[in-house]
Amino acid sequence: MRGEILSYDETSGSGLISGDDLARYAYDRADLGGDVAPAPGLRVDFVPDGGQARQIILLQVQERGLPAAAFQPGEPPLDMWAYFVRCLRGKYFDGYGRARRLEYWSFVLFSTLTLLGAFLPFLFAAAVLGAVNEDLFPLSLVLLVLPVLWTFFMIIPSVCVAVRRLHDIGLTGWLYLVTFIPYVGGFFMLVVACIPSQPYPNPYGPPQSRS
């Protein structure tokens, strides 16, 4: 039997499911496999036992084309530096899945700091060589290569983590195109970066954590 979760009370650990047969079935949290919290609107498959639902399996993500592994509990949270490194290594080209707020802000923080660090040698050389001899100033321009290359290197992971952040709040990644609108785009992404994660599975996967 298939149906949809109508309600869930965390205090009692029970709720109601509306079956496709138009009947309502009570269920307990213990009958729902995995660690994903039930939420109203999620599609489920279950075994009816009188007026009780047993052996409940979440279906919403599967029906949207994601693998069954998406129903497994979200990965444990990482520290800020670990999130930044993962964005550059394991998820450099990965716009799939979800990114919690901490992951997004970790990337923004360390990408900004590393870019500033890449510019420091150029600024120092420009100040020193320019003060000693203006003819030597062009040599300092060579040091611009590092920050320029780093800026281009960061474009892809910055887009990917922003798309995953949109997914985390249930929005399509195509909304990233809004960021190309002057003024409006920056404000839009700031709002997106501050919205809490959806605490239940959505079409893009399970939540990483409640953030």
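Is Tyr 176 buried or exposed in this structure? At 18% relative accessibility, Tyr 176 counts as buried; buried means under 20% relative accessible area, exposed over 50%, and partly exposed in between (1.4 Å probe, protein chains only).

This is a predicted model, where local features need pLDDT of at least 70, side-chain atom pairs count only at pLDDT 80 or more, and totals for chains, interfaces and linings use all residues. Residues are numbered from 1 along each chain as its sequence is written, and side-chain values use heavy atoms, with hydrogens and water left out.

**Aromatic pairs**

A search of the whole structure finds eleven aromatic pairs. Rings of Phe, Tyr and Trp (its six-membered ring) pair if their centres lie within 6.5 Å; planes under 30 degrees apart count as stacked, over 60 as edge-to-face and the rest as tilted. Two of the pairs are listed here.

| Pair | Centre to centre | Angle between planes | Type |
|---|---|---|---|
| Tyr 8 and Tyr 27 | 6.3 Å | 15° | stacked |
| Tyr 176 and Phe 180 | 6.0 Å | 90° | edge-to-face |

Tyr 8 lies in strand 1 (residues 2-9) and Tyr 27 in strand 3 (residues 24-28), so their pair ties together parts 19 residues apart in sequence. Strands (E, at least two residues) and helices (H or I, at least four) are DSSP runs, numbered from the N terminus. Tyr 8 is partly exposed at 24% relative accessibility. Tyr 27 is buried, at 1%. Phe 180, the partner of Tyr 176, is exposed at 62%.

Ring pairs also link Trp 81, Phe 84, Phe 107 and Phe 110 into a cluster.

**Another exposed ring**

Phe 152 lies in helix 5. Its relative accessibility is 58%, so Phe 152 counts as exposed.
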